[in-house]
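Please look over the model below before reading the comments. They are meant for someone who has not seen it before.

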Amino acid sequence: MKFNVPSIACDGCAKTISEGIRTHEPEAKVDVDVANKTVSVETEASQESIKQVITSVGHQVE
């Protein structure tokens with residue numbers, strides 16, 4: 001699944017998002033593209049739950 005996250009500004013944002021997702025889904029494969037402001041996640045979790053995690057670490061999902 002892929003999310004547009006316009007609030008990604010730097011590698012620090014990418015790290016925060018990745019760590020947040022892995023805290024909830026340790027098996028998740030997370031790829032954050034800072035330049036394109038996208039987050040790609042391979043996980044068994046629902047799209048909605050991953051959106052909530054991204055939001056909970058202070059970012060917006062479009």
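The numbered points below go through the basis of the model, the sheet, the helices, the core and the cysteines.

1. Basis. The model is predicted, and local features need pLDDT of at least 70, side-chain atom pairs count only at pLDDT 80 or more, while totals for chains, interfaces and linings use all residues. Residues are numbered from 1 along each chain as its sequence is written, and side-chain values use heavy atoms, with hydrogens and water left out.

2. The sheet. Three strands make an open sheet, ordered β1-β3-β2, with antiparallel pairing. Helices (H or I, at least four residues) and strands (E, at least two) are DSSP runs, numbered from the N terminus; two strands pair if DSSP finds at least two bridges between them. The edges are taken by β1 and β2, each with a single partner strand, so one side of each has no neighbour in the sheet. On average, neighbouring strands are turned by 15° against each other, direction ignored. Here axes are lines fitted to C-alpha atoms, for helices over the stretch in contact, and angles run from 0 to 180 degrees between N-to-C directions.

3. Five bridges join the antiparallel β2 and β3. Across this pairing, D31 stands opposite S40 and V30 opposite V41. Four residues lie between the two strands of the hairpin, and K37 in the turn has a positive phi of about 55°. One face of β2, V30 and V32, is covered, whereas the other, K29, D31 and D33, is uncovered.

4. Helix α1. This helix packs on the sheet and touches β2 and β3, its direction making about 160° with that of β2. Contact means heavy atoms within 4.5 Å. S18 has its place in α1 and is buried, with a relative accessible area of 11%. Buried means under 20% relative accessible area, exposed over 50%, and partly exposed in between (1.4 Å probe, protein chains only). Not counting residues up to four places away in sequence, S18 touches V30 and V32.

5. Helix α2. Which residues of α2 are buried? They are I50, V53 and I54, in a helix that spans residues 47–56. These residues cover an arc of only 100° around the axis, which puts them on the same side of α2; the arc is that of the directions from the helix axis to the C-beta atoms. The buried residues pack against β1 (2–4), α1 (11–24) and β3 (38–42). The helix itself lies across β1 and β3, at about 40° to β1. Just after α2, G58 takes a positive phi of about 100°.

6. The core. The largest nonpolar core has 16 residues, and I17, I21, V39 and I54 have the most contacts inside it. Such a core is a set of buried Ala, Val, Leu, Ile, Met, Phe, Trp, Tyr and Cys residues joined through side-chain atoms within 4.5 Å. Two or more residues come from each of α1, β2 (29–33), β3 and α2, and α1 gives the most, with four. Leaving aside residues up to four places away in sequence, I17 touches V5, I8, V32, V39, I54, V57 and H59.

7. The cysteines. How many disulfides are there? The count is zero, a disulfide being a pair of cysteine sulfur atoms within 2.5 Å. The sulfur of C13 is 3.7 Å from the closest cysteine sulfur, in C10, too far for a bond. C10 is partly exposed, with a relative accessible area of 37%, whereas C13 is buried, at 14%.
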